Every structure is written in C-alpha cells, then in structure tokens.
Amino acid sequence: MNCDYHSERESVGVCFSCGKPVCSECKVVLQEKVYCNPCVNKLLLYKTEAGPTRATAVSLQDAPAVIEKEIMRWNWGAFFLTWIWAIGNKLWVWLIIGLAAYAIAFVPSPNNKAIWVSIICQGVISVFLGVKGSEWAWKSKKWDSIGHFKRTQRKWRNWGIVFTAVGFIIGVIIGSTSRPSF
Ligand SMILES: [Zn+2]
Ligand SMILES: [Zn+2]
C-alpha cells in the first residue's frame, strides 16, 4: 500500500481518523495512534467557530480529547432502531432490554395499561441509547478508523429514518382503514 498523499512512497501506517495510508513524512503520532497531516490540522482547527484568530486553540496534546468528543455524539441510529441497532453493534445486553420492553406490551392488563408502560420504556431506552450509544458502540467493536465508525453509524441513522417513516405511514394507513363502522 502506498501513501495516500505521495503515490510513489510506501506507507508506514494508516490514519486513525480517516483510514488513509500514510508515509513516514505524512505520519503524525498522537498518544500512540497514527494520524495523517490533514486530519491533525482539522482536529487542531476544530474549535475555530470563535473566529480565525483562535485557529490554534486546540493544542496537539488536546487533540485526542477532541477526537473523543467527535465520537461521543448523539446517535440517531441507536435512538430509532434500539435493539436492532444493538445487534449490529454487538451490544447484546441492549438487545435483551429492548426486547423485554417490547414484550411488556403483550402482558394482559386492564385498559391496555401494559401497552403504555411498554411505549414509555421503549422511549426511555431510545433516549438512553441516543445519548450513550456512540460511546458503547465505539468500545464494543473493532473499528478501522473514526471515519469507518462514522460512516457505519450514519448508515444506521439513515436506516432508522427509513424504518421509522415506513412504520409511521403503515400506522396511519392501518389507523385510517380500521375506523369503527356504525
Ligand atoms: Zn487522516
Ligand atoms: Zn506521504
């Protein structure tokens, strides 16, 4: 494999952020992890919203913390797909918790109370996974790079949106066709 920035040079490692191969000249090592120059620059420029004068507000020392922040974002895929997402991310405990919350709905109860309890439990699980999902998924699986992780989680988000939208439409259709007839 050759360096992504120098096609004639042999690579000595792979950038932990974007996954591109880098040569010894392009390689930057931060806390025992290899990065490419553009990614390090991006990390250092991360906090530039305050203005161009603060372009170097993040030091090389702080870069790993910035990367961590980049990973620990709200996870829409986990929020929408909960236990399905948990299977894909090898979080088996959440598969069981998610299915248990779903199963509550089938417990016989007066006035469909169990269904409401189930819906509330599922809502709590969704929010919980939205907040903590990224962190857990990052730790539970071996990811090639931050880029790989983000691309995968973005796919989950897109499927989550499709899944929820289709579910909503089906719900509306069933709701409108099963009106009680007099
Ligand atoms: Zn990179
Ligand atoms: Zn290079």
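This is a predicted model: local features need pLDDT of at least 70, side-chain atom pairs count only at pLDDT 80 or more; totals for chains, interfaces and linings use all residues.
A residue is called buried here if 20 or more other C-beta atoms lie within 10 Å of its own, exposed if 12 or fewer, and partly exposed in between, with C-beta atoms placed from the backbone. By that criterion, 23% of the 182 residues of the chain count as buried. Residues are numbered from 1 along each chain as its sequence is written, and chains are lettered from A and ligands numbered from 1 in the order in which they are written.

Let me begin with the overall layout. The chain holds six helices and four strands, where helices (H or I, at least four residues) and strands (E, at least two) are DSSP runs numbered from the N terminus. Their order from the N terminus is β-β-β-β-α-α-α-α-α-α. Two residues are in contact if their C-beta atoms, placed from the backbone, lie within 7 Å. Among contacts with a separation of 6 or more, 43% link residues 24 or more positions apart.

I turn to the strands. β3 runs antiparallel to β4 (residues 33–36), and four bridges join the two; strands pair if DSSP finds at least two bridges between them. They form a hairpin with two residues between the strands, and Gln31 in the turn has a positive phi of about 45 degrees. Leu30 stands opposite Lys33 of β4.

Why does Cys26 count as buried? Because 23 C-beta neighbours lie inside 10 Å of Cys26. Leaving aside residues up to four places away in sequence, Cys26 touches Cys3, Tyr5, Cys36 and Asn37. Asn37 is eleven residues from Cys26 along the chain, and their C-alpha atoms are separated by 5.8 Å.

A nonpolar core is a set of buried Ala, Val, Leu, Ile, Met, Phe, Trp, Tyr and Cys residues joined through C-beta atoms within 7 Å. The largest such core has 14 residues, and those with the most contacts inside it include Trp85, Trp94 and Leu129. Two or more residues come from each of α3 (76–88), α4 (92–103) and α5 (113–140), with α3 giving the largest share, eight residues. Apart from this core lies another, of 13 residues, and Cys26 is among them, as are Cys15, Val22 and Cys39.

Angles under 35 degrees count as roughly parallel, over 145 as roughly antiparallel, 65 to 115 as roughly perpendicular and the rest as oblique.

α3 and α4 pack at about 160 degrees with their axes 8 Å apart, and are therefore roughly antiparallel. Their contact involves residues including Thr82 and Ala86 of α3 and Trp94 and Gly98 of α4.

The axes of α4 and α5 come within 8 Å and cross at roughly 155 degrees, so this pair is also roughly antiparallel.

For α3 and α5 the axes come within 7 Å at roughly 125 degrees, and the pair is therefore oblique. Among the residues making this contact are Ala78, Phe79 and Thr82 of α3 and Leu129 of α5. Beyond its neighbours up to four places away in sequence, Leu129 touches Asn75, Ala78, Phe79, Thr82 and Trp94.

Notes: Axes are lines fitted to C-alpha atoms, for helices over the stretch in contact, and angles run from 0 to 180 degrees between N-to-C directions.
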